[in-house]
Amino acid sequence: MSTENSMKKETHHLRRMATIWIILSVAADLLFMFWIAPHVPPGTMTDTARANQFDFNVLFLMAFPVLIGVWVYMGYAIVNWSAKRAGVPEPIGGPAARGNLKAQVSWIVVTSVIVLFLAGFGTVALIGGKGSGGGEGPNPVWMPAGSAKAETAALTSSASWTPGSNQVLVVQVIGQQWQFTYRYPQFGGFESPKLIIPNNTEIAFNVTSLDVIHSFWAYQLSVKADANPQQNDVAYAKTDQLGNFTVRCSELCGIWHGAMFNYGKVVTPSDFQNWATSTEAANAANTKNLPPFAWTYVPDANGAAGGYYIDGNVTPYSQVETYGAKQPTS
Amino acid sequence: MSMRGRLATVLGLFLVAVGLIVWSVAAFLTPGTPGGVMDFTKTHAPGQAVNITAQTVGSIGFGPHPTWVSYLVKDPTTGKWVQDTTWKLPANTTINMTIYNYDSGSPLRNQQLGQVLGTTNGKATLDGTSFSNYNSNTGDGVGHTFAVPSLGVYVPLAGVNGNATLCGVAPCHVNQPHRTVTFSFRTGAAGSYRWQCFVPCGLGYLYGNGGGMSTQNYMGGFLEVVR
Ligand SMILES: [Cu+2]
Ligand SMILES: [Cu+2]
């Protein structure tokens with residue numbers, strides 16, 4: 001067999017593999033996009049959930065052609081270059097393998113472009129506010145409009161929330177062994193084991209703990225924040241779908257950790273207001289016994305004796321201490 | 001040994017081995033029964049409420065951890081007090097609870113648990129007086145709570161005056177200082193519902209939530225609700 005002939009045959013192989021690869025990749029991506037992508041977790045209950053789903057889907061769409069490329073090459077090689085196949089030369093004693101600059105350069109270029117694109121995309125998605133990171137935590141890098149105002153107001157007894165006002169709803173998540181309870185500072189600071197939130201509303205979850213480390217994971221809302229004693233971890237999500245969601249503790253916290261879950265609900269803003277005002281009224285006598293609303297509380301680590309108190313050492317929303325220079329002055 | 005005898009031996013040993021494997025896999029996959037289950041379904045007539053009588057004590061006074069706090073429950077057939085926190089209950093049934101608390105109290109770590117929730121009418125009675133919330137910062141505080149989070153049931157059990165001579169060995173008797181709390185709630189669909197005390201009463205442990213708070217048959221267990 002002449003060298004020219006085998007070169008021709010190689011290009012022929014490459015063209016055939018490329019054709020199979022393109023057809024399969026386009027088919028897989030299209031099938032994925034229309035059939036699976038809308039159902040990829042965590043769903044579309046909030047803007048952050050939607051952004052997470054979008055990020056996952058971008059990764060899938062990029063990964064399928066790579067995966068299929070590897071499989072097509074492997075399948076093609078098994079079928080066409082099997083030693084059992086007539087006319088295929090013995091693997092031992094054949095001509096020495098030659099380098100192929102074109103193949104090497106294109107391999108390096110293609111993989112670099114894919115990886116660099118994904119690194120750039122990931123960074124933008126992570127710090128872009130609506131992505132996976134959001135810069136949330138005890139010192140949120142990114143805060144949705146109106147959140148600082150609502151959070152600052154939450155510490156006063158005059159904070160309020162009304163449907164259609166476009167206000168941020170502040171919800172405090174309190175982890176304890178073994179359940180989460182929720183405080184609503186804009187409704188007189190009542191506390192409840194139920195997590196009900198209004199639709200089409202930016203929610204600021206302020207997460208803390210009264211004892212060991214827990215983790216607040218509202219799966220369908222795409223919110224996950226550590227619940228640490230004497231720390232206020234903030235996470236945001238804007239609701240845009242009615243329905244139930246699951247809250248789980250995702251930090252091993254003792255014997256009933258596995259039972260530390262509850263189901264939350266996104267309801268219409270007016271239904272939420274009805275629930276919140278009626279619960280505020282029903283719990284009013286007991287709410288008076290609670291400590292004033294604060295970002296963190298100091299429990300007594302020695303056992304039963306002692307209630308929980310506002311932490312005098314951490315001034316919430318201090319420009320320097322708690323939220324850094326990013327904290328607006330409003 | 002004859003060929004037939006050898007074959008029979010091999011076959012016999014093979015069957016023994018298979019039997020052992022099947023038995024151990026089945027044993028591994030079958031959930032064990034924890035300690036014991038107090039069955040309230042045997043004595044239950046359809047359509048009727050179930051009455052449960054329980055007591056909470058500051059120290060159980062016997063067993064491997066005599067100083068630990070504990071719940072005890074009255075066996076509905078024998079009338080004896082048993083240290084057992086897995087209770088088998090019929091589904092969609094009203095449960096009438098009577099709890100005698102023989103322990104002293106303190107302010108709650110989370111005052112929210114002073115609120116009665118999830119009971120019939122949102123009420124409970126304390127020594128015969130109806131109440132819907134209890135301020136643990138005053139009086140003798142709260143000794144323990146009875147809570148079934150998945151059913152939304154929360155009831156604080158007010159404490160006994162700490163100066164009284166408290167019962168130190170369970171089961172305690174009603175002529176010893178105690179508070180009586182009664183309430184009713186409904187079981188829902190069949191399933192396993194965790195219940196627990198929310199007062200960090202495991203004294204001497206981190207955050208008060210170790211010891212009896214972290215051991216079944218002391219301060220928490222399951223309602224095994226069956227159809
Ligand atoms: Cu936890
Ligand atoms: Cu207790």
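Trainee: In this predicted model, which residue of strand 4 of chain B stands opposite V73(B), and what makes strand 3 and strand 4 of chain B a pair?

Mentor: V82(B) in strand 4 of chain B stands opposite V73(B). Two strands are called a pair if at least two bridges are found between them, and two bridges join strand 3 (residues 70–74) to strand 4 of chain B, which run antiparallel, so the pair meets the requirement.

Trainee: Why are strand 4 and strand 8 of chain B called edge strands?

Mentor: The seven strands of this open sheet of chain B follow the order 4-3-2-6-11-7-8, with mixed pairing. Strand 4 (81–82) and strand 8 (129–131) of chain B each pair on one side only, and that is what the word edge refers to here.

Trainee: What makes strand 9 and strand 10 of chain B a hairpin with antiparallel strands?

Mentor: Six bridges join strand 9 (residues 142–148) to strand 10 of chain B, and the two strands run antiparallel; V148(B), for instance, has V153(B) in strand 10 as its bridge partner. Four residues lie between the strands of this hairpin, in which G152(B) takes a positive phi near 70°.

Trainee: Why is strand 10 of chain B described as largely enclosed by the rest of the structure?

Mentor: A residue is called buried when its relative accessible area is under 20%, and six of the six residues of strand 10 (residues 153–158) of chain B are buried, so the strand is largely enclosed. In a regular strand the side chains alternate between the two faces of the sheet. Here V153(B), V155(B) and L157(B) point one way, whereas Y154(B), P156(B) and A158(B) point the other way, and all are buried. For chain B as a whole, 46% of the 227 residues count as buried.

Trainee: How do you know that chain B is more spread out than a compact globule?

Mentor: Chain B has one helix and 13 strands, and its radius of gyration is 23 Å, well over the 17 Å that the globule rule gives for 227 residues, so chain B is more spread out than a compact globule. Along the principal axes, its C-alpha atoms fill a box of roughly 90 × 40 × 30 Å. Among its contacts between residues at least 6 apart in sequence, 72% join residues at least 24 apart.

Trainee: What makes one space a cavity and another a pocket?

Mentor: A cavity is a set of points where a 1.4 Å probe fits but cannot get out, whereas a pocket is an open set. One cavity of 30 Å³ or more is counted, and the largest cavity has a volume of about 70 Å³. Its lining includes Q176(A), D211(A), R109(B) and F198(B), and divides into four nonpolar, four polar and two charged residues.

Trainee: How large is the second largest pocket, and which element gives the most to its lining?

Mentor: The second largest pocket has a volume of about 620 Å³. Helix 5 of chain A gives the most to its lining, with four residues, and strand 2 (179–184) of chain A is among the elements that each supply at least two. Of the 26 lining residues, P193(A), K194(A), P149(B), L151(B) and G152(B) lie nearest the centre; by class, the lining has 13 nonpolar, ten polar and three charged residues.

Methods. Residues are numbered from 1 along each chain as its sequence is written. Chains are lettered from A and ligands numbered from 1 in the order in which they are written. This is a predicted model: local features need pLDDT of at least 70, side-chain atom pairs count only at pLDDT 80 or more; totals for chains, interfaces and linings use all residues. Side-chain values use heavy atoms; hydrogens and water are left out. On a 1 Å grid over the protein atoms alone, a cavity is a set of points where a 1.4 Å probe fits but cannot get out, and a pocket is an open set with protein on both sides within 12 Å along at least five of seven lines; lining residues have an atom within 4 Å of a point. Grid points are joined across faces, edges and corners, and a volume is the space filled by probe spheres set on the points. Ala, Val, Leu, Ile, Met, Phe, Trp, Tyr, Cys and Pro count as nonpolar, Asp, Glu, Lys and Arg as charged, and the others, Gly among them, as polar. Buried means under 20% relative accessible area, exposed over 50%, partly exposed in between (1.4 Å probe, protein chains only). The radius of gyration is taken over C-alpha atoms; the globule rule is 2.2 Å times the number of residues to the power 0.38. Contact means heavy atoms within 4.5 Å.
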